[in-house]
Amino acid sequence: MTTKINFNGEIHDELNISVMDHGFLFGDSVYEVVSTLNNKFCFLDEHLDRLYNSAKAISLTIPRDKEWFREQLKNTLIAAGNDESYVRIIVTRGVGEINIDPSSCEHPNIILMVMDVTEYPKSYYEKGIQVALVSIKRNPRDSLNPNVKTGNYLNNVLAKMEADKLGAQDAVMVNPWGFLTEGTTSNLFFVCEGHILTPSMECGILSGITRQLVIQLAKENGFHVEEGKWPGEELFKADEIFLTGTLKKVMPVSNLDGRPVGSGKPGPITLSLLRLYDDLLTKKA
Ligand code: PDD
């Protein structure tokens, strides 16, 4: 159970970071969460591509190339020596003056955290989780675009707090126009009359790496997948609901706002995608 933290290329057991870093002061940073299987990174190229795209979207120039990240991540993973790890890659705007203008931040900081991973309970996959459709709205695309994975997650933190209050394990948010978007750290899928539906990028979501893979797997296996815009109420008509993400993988939802989803148990399409995704992970590792 070791944690190792790589700070700009140096590996530490613990790290103190300046309170003048704009990542701390303003959430002015970008990040990725990567999982491992058999102690190898899962879909690292895709995560690094998204990290660079997020940085570009907030005009943050990452001072190192992807090869540097691959090398440093490998060294840090070896130093931690866990069976499996939770890996977090963070690039902050860096230390600057105590005002919102980022121009005083000359050196972005790169932090690579490798920690022991805490997996979700098996029962979540066997029985499904409870989700709440919360009142907090997902950021619209023309404010802080949800497709940019920044360290500013307060929108999602508030949604998670609302879900907790309602006794649910996670939240699903709609956008300001009432259309379904995503979970707090996951993408949303639901099944209606055998069709797999998922909110489109237009609704204001993160282009999840797991989401893309699940869409591809579903299509390859003969399922009909549709990306589109659906009002929040539509979710109550679903026969099945599931969330996807690096840590959640494919997680069944069996209860929405206190009402059972379909039979109240993980549905057959969710379970087959869960299996297909697990197989894909195993094949890649
Ligand atoms: N979150 N939507 C949001 C808002 C997310 O934060 C995430 C991932 C996803 C799923 O993306 P992916 O399949 O690429 O992991 C969707 C990570 C796991 C996190 O912040 O912990």
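**Sheet and ligand site**

User: How do strands E3 and E5 pair?
Analyst: Antiparallel, over 7 bridges. E3 covers residues 29-37 and E5 covers residues 85-92. Strands here are DSSP runs of E, at least two residues, and helices are runs of H or I, at least four, numbered from the N terminus. Two strands pair if DSSP finds at least two bridges between them.

User: What kind of model is this?
Analyst: Predicted; local features need pLDDT of at least 70, side-chain atom pairs need 80 or more, and totals for chains, interfaces and linings use all residues. Residues are numbered from 1 along each chain, and side-chain values use heavy atoms, without hydrogens or water.

User: What stands opposite Val33?
Analyst: Arg88, in E5.

User: And what is the strand order in the open sheet?
Analyst: E2-E1-E6-E5-E3-E4, with antiparallel pairing. E2 (10-12) and E4 (40-41) are the edge strands, each pairing on one side only.

User: Which strands does helix H3 touch?
Analyst: H3 (66-80) packs on the sheet and touches E1, E2, E3, E4, E5 and E6. Touching means heavy atoms within 4.5 Å. H3 runs at about 35 degrees to E6. That angle is between N-to-C directions of lines fitted to C-alpha atoms, for helices over the stretch in contact, on a scale from 0 to 180 degrees.

User: How far is the polar side-chain atom of Lys149 from a ligand oxygen atom?
Analyst: 2.8 Å. For a side-chain N or O atom of Thr246, the distance to a ligand oxygen is 2.5 Å.

Technical notes
Polar contact = N/O pair within 3.5 Å; in protein donor to acceptor, adjacent residues only side chain to side chain.
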